[in-house]
Amino acid sequence: MSDVQVVDAERAGGFPCVVAALDVGGTKIAGALVRYAASDTAPVVEARRAVPTKAARGGAAVLETLSALAGELVAAGATDGQAVVGVGVGTAGRVDARTGSIAYANEIMPGWTGQPVAAHLREVLGLPVAVLNDVQAHALGEARWGAAQGADTCLMVAAGTGLGGAIIAHGRVLRGAHGFAGEVGHTLSPDAAGVRCVCGGTSHLESVASGSGIEERYRAAGGEALSGAEIAERAAAGDELARQVIELAGSSLGEAIAGWASMLDPELVVLAGSVLNAGPLWRDALHEGYARQTPETLRSLPLVDAQLKGDAPLIGAAENLLDFLGARD
Ligand SMILES: [Zn+2]
């Protein structure tokens, strides 16, 4: 940590405090003030706002939009009489843990790769800034104040359009050597054997267990072009092809979770994302898949749903800033 960051940490001064938190996605940038009365009371999320990302404009323009929204929040905090101590950002893409720059973002956010998010916001706002991946932010929020509150070690699996994940190890986000730790979607699954993945690889779990994977598998098996939610409805109504695709999504994910649990030994697994709404066929298949492949010692591992919804990445981004400042040490 540089000298500048040490000075920042001293300035933060612990609790009570307010953090400006932002969540950058492909379609919108959400922001809020996260207010802490004390270190051990749940934060209050207020002054929520959101603007369209308009990602097609390119990374530099998105960074300006993010910077403007962060500036608004810092100003809003100041008018409330309690100065914002810093800015926490969760963002789509992989984040370089040392610099807070975007190490990699896919084509949903063209030109986001390489953007110096932390350095730019720090320069514009004159405040400490901490940046991490959005799924990692979600997991940290749930670990501190949601479904995994109090857990020392947990795994989050987020099955939405894509399939993401994050690992909390000893109360902190495990960032990994390049900021990619917990990227579960591009691990091998026998149920995806031979299927080309969006990442360029083959046989990856995301191709069968994510929302887009469900849609693609249904089409590839001769079904219509439907949304994941529509396919789940058809499955519940007795459509045989839809049922197979939904059950495969659940069982392949459950089996994969058994493998990761065996490697990580978490206290619990937190499930998040729109695929959780796929209904009891999906959920039963998930639990059966898990039970089939898990060792006896991990049979009773809780697989629980996330609790904090849209606030989770904001709270997690704020918590990451507090960790960066050393406020919880
Ligand atoms: Zn892949």
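How many of the 8 residues of strand β1 (residues 17-24) are buried? In this predicted model, local features need pLDDT of at least 70 and side-chain atom pairs count only at pLDDT 80 or more, while totals for chains, interfaces and linings use all residues. Residues are numbered from 1 along each chain as its sequence is written, and side-chain values use heavy atoms, with hydrogens and water left out.

**View A. Strand β1 is mostly covered.** To answer the opening question, 8 of the 8 residues of β1 are buried (under 20% relative accessible area; exposed is over 50% and partly exposed in between, with a 1.4 Å probe and protein chains only). Strands (E, at least two residues) and helices (H or I, at least four) are DSSP runs, numbered from the N terminus. In a regular strand the side chains alternate between the two faces of the sheet. Here Cys17, Val19, Ala21 and Asp23 point to one side of β1, Val18, Ala20, Leu22 and Val24 point to the other, and all are buried.

**View B. β1 pairs with β2 and β4.** Strands count as paired if DSSP finds at least two bridges between them. With β2 (residues 28-36), β1 makes 8 bridges in the antiparallel sense, and a hairpin of 3 residues links the two. Look for Val18 and its bridge partner Arg35 in β2, then for Asp23 with Ala30. With β4 (residues 84-91), β1 runs parallel over 7 bridges, and here Val19 stands opposite Gly86.

**View C. The open sheet that contains β1 has 5 strands.** Their order is β3-β2-β1-β4-β7, and the pairing is mixed. Because β3 (44-52) and β7 (129-133) each have a single partner strand, one side of each is left without a neighbour in the sheet. From one strand to the next, the twist averages 20°; axes are lines fitted to C-alpha atoms (for helices, over the stretch in contact), and angles run from 0 to 180 degrees between N-to-C directions. Helix α3 (residues 117-125) lies across β4 and β7, at about 155° to β7. Helix α4 also packs on this sheet, touching β1, β2, β4 and β7, and its direction makes about 105° with that of β7; contact means heavy atoms within 4.5 Å.

**View D. Another open sheet of 5 strands has the order β10-β9-β8-β11-β12.** The pairing is mixed, and the edge strands, β10 (172-173) and β12 (303-305), each pair on one side only. β9 (residues 163-169) and β10 pair in the antiparallel sense over 2 bridges, and Val173 in β10 is the bridge partner of Ile168. Helix α8 (residues 240-264) packs on the sheet and touches β8, β9, β11 and β12, its direction making about 155° with that of β8.

**View F. Helix α6 crosses helix α7.** α6 (residues 211-220) packs against α7 (residues 228-236) at about 60°, with the axes 8 Å apart. The crossing is left-handed, meaning that the near helix is turned anticlockwise from the far one by less than a right angle. Ile214, Glu215 and Tyr218 in α6 meet Gly228, Ile231 and Arg234 in α7.

**View G. Asp323 sits in helix α10 (residues 311-325).** Asp323 counts as buried because its relative accessibility is 12%. Setting aside residues up to four places away in sequence, Asp323 touches Leu140, Arg144, Arg172 and Arg328.

**View H. Ser274 lies in the loop between β11 and α9 (280-293).** Its relative accessible area is 48%, so Ser274 is partly exposed. Apart from neighbours within four places in sequence, Ser274 is in contact with Ala159, Gly160 and Thr161. The C-alpha atoms of Ser274 and Leu322, 48 residues apart along the chain, are separated by 29 Å.
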